[in-house]
Amino acid sequence: MAGRNIGVAVDFSSCSKAALRWASTNLTRSGDKLILIHVNSSFQNEQGAVHLWEQSGSPLIPLAEFSDVTKTYGVSPDKETIEILAQVAHQRGIEVFAKIFYGDPAKKLYEAVDLVPLSCMVIGSRGLSTLKRALMGSVSTYIVNHVACPVTVVKENM
């Protein structure tokens, strides 16, 4: 059986790290590709190679090259996220990549499902109240209701 492309939406917050931990523990198996999907919503068109990747996102970036993403793609992965990824790659026998998009997070995560393509997506939830979710919108709610692959929403405190 061929490996799956498992997407995890990450913004390097505590809730996205919870989603990453959940996916790496409960979903990944040998032969899978774990693909971090990061959307940079506050970017300058002049930054690095951003203008080349605005429409389709960056190429898949292997884990070994994560240290170069700050300069090239305007993203700063934190040390804890990189440690989680290195551990899961080693323990589970999976490949880890990142793909970086620029723009509206809900729209770009939606597009990532077909562009990568993803077998499933895991996304963290900040746990907004009903009122805040109605006023501000929820990326996880949008993704659950619109993408064509299975989606798992992970609460931070799980």
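This is a predicted model: local features need pLDDT of at least 70, side-chain atom pairs count only at pLDDT 80 or more; totals for chains, interfaces and linings use all residues.

Student: How many helices and strands does the protein have?

Tutor: Helices (H or I, at least four residues) and strands (E, at least two) are DSSP runs, numbered from the N terminus. The protein has 7 helices and 6 strands. Their order along the sequence is β-α-β-α-β-α-α-β-α-β-α-α-β.

Student: What share of the residues is buried?

Tutor: Buried means under 20% relative accessible area, exposed means over 50%, and partly exposed lies in between, with a 1.4 Å probe and protein chains only. Here 44% of the 158 residues count as buried.

Student: And how much of the contact comes from residues 24 or more positions apart?

Tutor: A contact means heavy atoms within 4.5 Å. Among contacts with a separation of 6 or more, 77% are between residues 24 or more positions apart.

Student: Why does the span of helix α1 agree with its number of residues?

Tutor: The expected span of a helix is 1.5 Å times one less than its number of residues. Helix α1 (residues 14-26) has 13 residues and should therefore span 18 Å; its end C-alpha atoms are 18 Å apart, which agrees.

Student: Which residues of α1 are buried, and what do they pack against?

Tutor: The buried residues of α1 are C15, S16, K17, A18, A19, L20, A23 and S24. They pack against the strands β1 (5-9), β2 (33-40), β5 (120-125) and β6 (151-155), and against helix α4 (79-92).

Student: How do the axes of α1 and α4 cross?

Tutor: Axes are lines fitted to C-alpha atoms, for helices over the stretch in contact, and angles run from 0 to 180 degrees between N-to-C directions. The axes of α1 and α4 come within 11 Å and cross at roughly 5°. Angles under 35 degrees count as roughly parallel, over 145 as roughly antiparallel, 65 to 115 as roughly perpendicular and the rest as oblique. The two helices, α1 and α4, are therefore roughly parallel to each other.

Student: Which residues meet there?

Tutor: From α1 come K17, L20, R21, S24, T25 and N26; from α4 come E80, T81, I84, L85, V88 and R92. By class, this contact of α1 with α4 has 4 nonpolar, 4 polar and 4 charged residues. Ala, Val, Leu, Ile, Met, Phe, Trp, Tyr, Cys and Pro count as nonpolar, Asp, Glu, Lys and Arg as charged, and the others, Gly among them, as polar.

Student: Is K17 buried or exposed?

Tutor: K17, in helix α1, is buried, with a relative accessible area of 11%. Leaving aside neighbours within four places in sequence, K17 is in contact with F12, D78, E80 and T81.

Student: What is the phi of F12?

Tutor: F12 has a positive phi of about 70° although it is not a glycine. F12 lies in the loop between β1 and α1 and counts as buried at 18% relative accessibility.

Student: Which residues does L34 touch?

Tutor: L34 is in strand β2 and counts as buried, at 0% relative accessibility. Not counting residues up to four places away in sequence, L34 touches I6, V8, L20, T28, L85, V88, I94, E95, V96 and F97. L34 and V88 are 54 residues apart along the chain, and their C-alpha atoms are separated by 9.3 Å.

Student: Which residues of helix α5 are buried, and what covers them?

Tutor: In α5 (residues 105-115), A106, K108, L109, A112 and V113 are buried. Their cover includes β1, β2, β4 (95-102), β5 and α7 (139-146).

Student: Where is P117, and what bond joins V116 and P117?

Tutor: P117 is in the loop between α5 and β5. The peptide bond that joins V116 and P117 is cis, with omega about -15°.

Student: How many disulfides are there?

Tutor: A disulfide is a pair of cysteine sulfur atoms within 2.5 Å. By this rule the count is 0. C149, for one, is in no disulfide; the nearest cysteine sulfur, that of C120, is 6.6 Å away.

Notes:
Residues are numbered from 1 along each chain as its sequence is written. Side-chain values use heavy atoms; hydrogens and water are left out.
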